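Morning, everyone. Please bring up the model on your screens, and I'll walk you through it.

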Amino acid sequence: MSLLSVEDLKVSYGPKGRSFNAVDGVSFTVEKGETIGVVGESGCGKSTLGKSILRLIETAGGTIRLDGEDITGLGHQAMMSKRRRMQMVFQDPFGSLNPRQSIGKLLDTPMRAHGIADKAERQKRIEYIIDKVGLPQTSLTRFPHEFSGGQRQRIGIARALILRPDLLICDEPVSALDLSIQSQILNLLTDLKAEFSLSYLFISHDLSVVRYFADRVIVMYLGRVVETADHETLWRDPRHPYTRALLAAVPIPRPGSRKHDAPILGERQSAAAASAGCRFYQRCPMAQNRCATEEPVLRSVDSGHGAACHYA
Amino acid sequence: MNAHSPRPSATAAAPGVAPARKKKTGSRAWRAVRHNLPFLIGASILLAVALIAICAGVLYPGDPRDMVTLPLSWPLTDNEYPLGSGSLGTDLASGLAHGAQASLLVGVSAASVGLLIGILVGAIGGYFGGIADDILVRITELFQTVPTFLLVIVLVAISGPSLPIIAGAIGVATWPTVARLVRAEFRTLRSNDFVLAARSLGYSTTRIIFGEILPNALPPIVVTTSVLAANAILTEAGLSFLGMGDPNLVSWGSMIADGRSLLRTEWFVTALPGAAITLTVLSLNLVGDGLNDILNPRSESNR
Amino acid sequence: MKTVPVLEVLDLAIGFPAARAVHGVSFEIHKGEMMALVGESGCGKSLTAFAIMRLLPPGARIQNGQVIFDGTDLATISPRELRRIRGNGISLILQEPMTSLNPVLTVGVQVAEIIRQHQNLSRAAAKARVLELFDLVGITEPHKRYDQYPHNFSGGMRQRVMIAMAVACNPALLIADEPTTALDVTIQAQVMDLLDKLRRELSMAVLLITHDLGVVAQWADRVAVMYAGRIVETAPVQKFFSAPQHPYSMGLLNSSVSNGEGAWHYTNHRLSEIKGSVASAAQATGCSFAPRCRHVIAPCHGGQPKLEAVEKGWLATCCRAQNQEERIHEFA
């Protein structure tokens with residue numbers, strides 16, 4: 001049984017009548033110990049997807065299953081026990097920590113909210129986890145503004161881990177960090193994954209990072225999954241024209257490697273303007289008449305490799 | 001795990017700009033206090049007034065409304081009653097001390113009532129938004145369209161003039177200021193990621209509102225509170241001047257009313273309580289301004 | 001072959017009242033060249049770039065050094081002369097195309113205004129020039145676009161408008177501060193390609209400020225790496241990526257998740273890290289990178305090394321790079 005399985009998930013924004021689906025029929029699974037990378041450009045719905053799985057945004061349709069149990073309709077109390085198993089790491093290491101709480105309190109409150117009454121037990125866990133994320137014990141009495149961006153991200157990770165979850169949803173966890181700090185955090189996530197047998201849903205706009213860090217990758221475009229494959233296949237044999245364009249556009253730190261025959265794309269449409277056909281139609285270099293009228297479904301093109309394109 | 005253990009060093013302020021500062025928040029605030037002269041002046045005046053109010057019963061054990069000497073003796077003429085006496089031979093010094101009690105009590109309790117209602121309304125509207133917010137905003141506006149003083153008079157006229165009623169009425173008339181402020185703060189703060197983090201951790205709404213967001217909204221609320229208290233003192237004085245104050249208490253307002261007809265001859269009867277009100281209100285405003293600077297980290301960095 | 005550089009920055013130091021932020025930076029840019037200034041946040045790269053046009057944040061001041069452009073020292077000329085150069089001889093593109101345009105004016109008017117400010121053109125002539133520029137930067141249907149407001153433009157299109165504004169007066173130097181950081185990766189490639197095309201067509205020098213080594217490798221000719229307010233290495237891009245000389249440059253390249261071939265995965269490669277944080281540089285007496293450096297030798301603590309030649313056109317502030325025997329060969 002998959003740890004997390006999402007089926008036909010829909011999330012809509014906007015007032016009634018003029019609403020659009022920011023996430024539109026997304027299905028995937030996360031197995032135990034696996035890292036799923038979700039990539040796409042701004043506005044593709046990847047961040048909304050992560051938040052809706054944690055029920056921070058109301059869903060408009062579809063099911064989210066944790067260990068086979070449907071959690072889509074659970075109330076606040078019933079959801080509490082599920083929240084222990086799924087936690088989130090945020091992009092902004094400055095905004096995601098309450099500036100008025102000491103690190104000790106930041107780590108203590110989740111356990112109190114989840115009814116861990118024994119103070120000694122809580123203190124023991126705090127000391128253990130702060131060490132695991134590589135911060136000194138003296139950090140506990142200090143406040144978020146006394147730390148650098150990378151250190152704050154460590155605190156954010158410690159807070160997410162304090163309830164001992166099985167799944168971490170990482171929403172752009174290294175995007176706000178400098179290059180040298182980025183590698184520290186990625187190494188930390190790698191170590192923690194092994195140590196606590198975690199699964200990650202790793203959301204990022206940075207393809208290089210996802211390529212390094214994900215086992216399987218989901219490529220999203222305007223609320224839809226356009227391609228999904230394991231990391232090796234996706235980079236070796238991308239099938240969807242959007243994936244190809246995306247991969248070709250990533251600047252590689254090696255001079256002279258730029259491919260000047262990369263497909264030229266037009267400007268991106270917004271999800272609200274999605275028409276009847278393929279959402280990528282207007283930007284697609286290989287669009288045909290069929291693409292304007294018929295929306296392609298995600299179909300298997302190889303074992304474990306799916307693409308939503310008529311011509312993949 | 002330790003092979004890549006990160007730096008144990010402290011801050012990373014703007015690197016190369018300033019060496020790591022290890023000051024704690026407490027000491028930063030204390031430094032700001034010491035460098036803020038208006039705040040220090042305001043706070044000392046306020047402290048002195050509070051001290052007199054607390055000790056009024058010990059210093060002047062008798063009822064300040066009792067006739068103790070000849071009426072209208074000028075200040076500094078009688079050693080026993082250094083501040084002179086009122087039109088009915090009451091001791092002005094005793095009246096000022098007991099009046100301080102009444103004024104500060106009204107100020108504090110009215111501000112508390114306003115704060116309580118204002119925070120509740122503002123927090124709920126600002127956090128939840130939507131229909132609840134719409135309704136609460138309309139109610140707030142309704143209260144704001146009625147002039148504060150008029151509303152207080154009506155409320156006191158209906159319920160009878162006693163100190164708790166007056167304080168309550170002033171609080172009820174002034175909470176919209178707090179509510180609007182709190183709502184604005186909550187609307188900004190609720191979109192912060194730390195609120196999202198709190199929700200993802202399953203915190204209850206009460207915990208998020210009062211434990212996570214409210215502490216961040218406190219600085220401007222604290223500043224407003226001091227102004228609120230100052231206004232409450234003025235309003236109470238106005239009421240007492242109109243003869244709608246608590247008849248069983250001496251307040252600065254009622255003392256001014258007492259001296260009204262004597263303004264051209266024995267002006268000190270009016271001037272002394274007037275000065276007391278001015279001084280107290282001024283000190284509260286100074287404290288409010290000072291707190292604004294002290295609690296706002298941005299203004300500190302410009303120092 | 002020695003030509004006069006378009007811009008020559010000599011020993012530039014910038015300070016805040018509390019402390020110095022940029023310590024004696026020197027570099028030059030030649031005609032038609034794209035030079036990248038890279039470094040992590042707070043290293044002083046943006047401050048250096050803004051100091052060229054004397055657009056410093058409040059409190060910051062040029063404390064020493066010269067900025068020679070077109071034979072004059074921009075650090076000392078009058079504000080009036082400086083205004084003549086801004087937008088005309090040197091222009092600027094900022095990171096955030098969403099806020100750099102005035103939302104209540106049409107895009108065409110905003111670009112025309114720049115042109116009319118620096119060139120004596122009639123309204124009609126300015127408009128014609130704007131349409132020409134829109135076409136140059138790849139804005140389709142320039143006539144229609146001229147009368148539209150910024151909110152009608154997507155992020156990439158707005159950045160194209162900003163570029164049109166910047167090149168409107170044929171500047172000799174274009175300073176681009178993280179021009180693509182706020183854009184999606186597919187749009188980034190388009191905007192960078194456009195800048196690349198323009199600098200060739202208009203033989204304009206470009207100073208590109210970025211933190212993205214991929215962008216540097218793909219589009220720049222030369223790179224200067226800044227660390228804690230100093231340039232630690234400057235080299236032609238090819239040489240920099242194949243054999244960086246300063247340990248900080250090596251650290252940056254090694255901590256990258258992509259090695260170009262792209263075979264790295266967390267299961268088979270552990271990313272290398274640069275230990276410590278920049279804050280430690282403040283206390284160091286010797287080389288400012290010494291507290292974090294993996295290759296420290298005794299002379300490193302002797303004093304801040306100067307930016308000296310490793311080869312022609314390749315300089316580094318590392319005492320090991322300057323000594324053949326002591327060279328570090330990490331990139332075999």
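Ground rules first. This is a predicted model, where local features need pLDDT of at least 70, side-chain atom pairs count only at pLDDT 80 or more, and totals for chains, interfaces and linings use all residues. Residues are numbered from 1 along each chain as its sequence is written, while chains are lettered from A and ligands numbered from 1 in the order in which they are written.

Chain C, then. Chain C has ten helices and twelve strands. Both are DSSP runs numbered from the N terminus: helices are H or I with at least four residues, strands are E with at least two. The radius of gyration of chain C is 21 Å, close to the 20 Å from the globule rule for 332 residues, so chain C is as compact as a globular protein of that length. That radius is taken over C-alpha atoms, and the rule is 2.2 Å times the number of residues to the power 0.38. Along its principal axes, the C-alpha trace of chain C spans about 70 × 50 × 40 Å.

How much of chain C is buried? Buried residues make up 49% of its 332 residues. Buried means 20 or more other C-beta atoms within 10 Å of the residue's own, exposed means 12 or fewer, and partly exposed is in between, with C-beta atoms placed from the backbone. Now contacts: two residues are in contact if their C-beta atoms, placed from the backbone, lie within 7 Å. Take the contacts in chain C between residues at least 6 apart in sequence: 60% join residues at least 24 apart.

Chain C is split into domain 1 (7-220) and domain 2 (236-326), with bounds from an automatic or database domain assignment. The two domain centres, taken over C-alpha atoms, are 29 Å apart. Six residues of domain 1 of chain C are in contact with seven of domain 2 of chain C. On the domain 1 side, helix H8 (residues 213-219) of chain C gives the largest share, three residues. That side has four nonpolar, two polar and no charged residues. The classes: Ala, Val, Leu, Ile, Met, Phe, Trp, Tyr, Cys and Pro are nonpolar; Asp, Glu, Lys and Arg are charged; the others, Gly among them, are polar.

Leu194(C) counts as partly exposed because it has 19 C-beta neighbours inside 10 Å. Leaving out residues up to four places away in sequence, Leu194(C) touches Val137(C), Gly138(C), Arg160(C) and Ile163(C). Leu194(C) and Val137(C) are 57 residues apart in sequence, yet 6.7 Å apart in space, C-alpha to C-alpha.

Over to chain B and helix H2 (residues 37-59). This helix of 23 residues reaches 30 Å from first C-alpha to last, close to the expected 33 Å. The expected span is 1.5 Å times one less than the number of residues. Where is the kink in H2(B) centred? On Ala53(B), at about 35°. The bend is the angle between axes fitted to the seven residues ending there and the seven starting there. Ala53(B) is also among the buried residues of H2(B), as are Leu46(B) and Val49(B).

Last, the interfaces. Between chains B and A, 23 residues of chain B are in contact with 26 of chain A. H7(B) gives the most to the chain B side, six residues.
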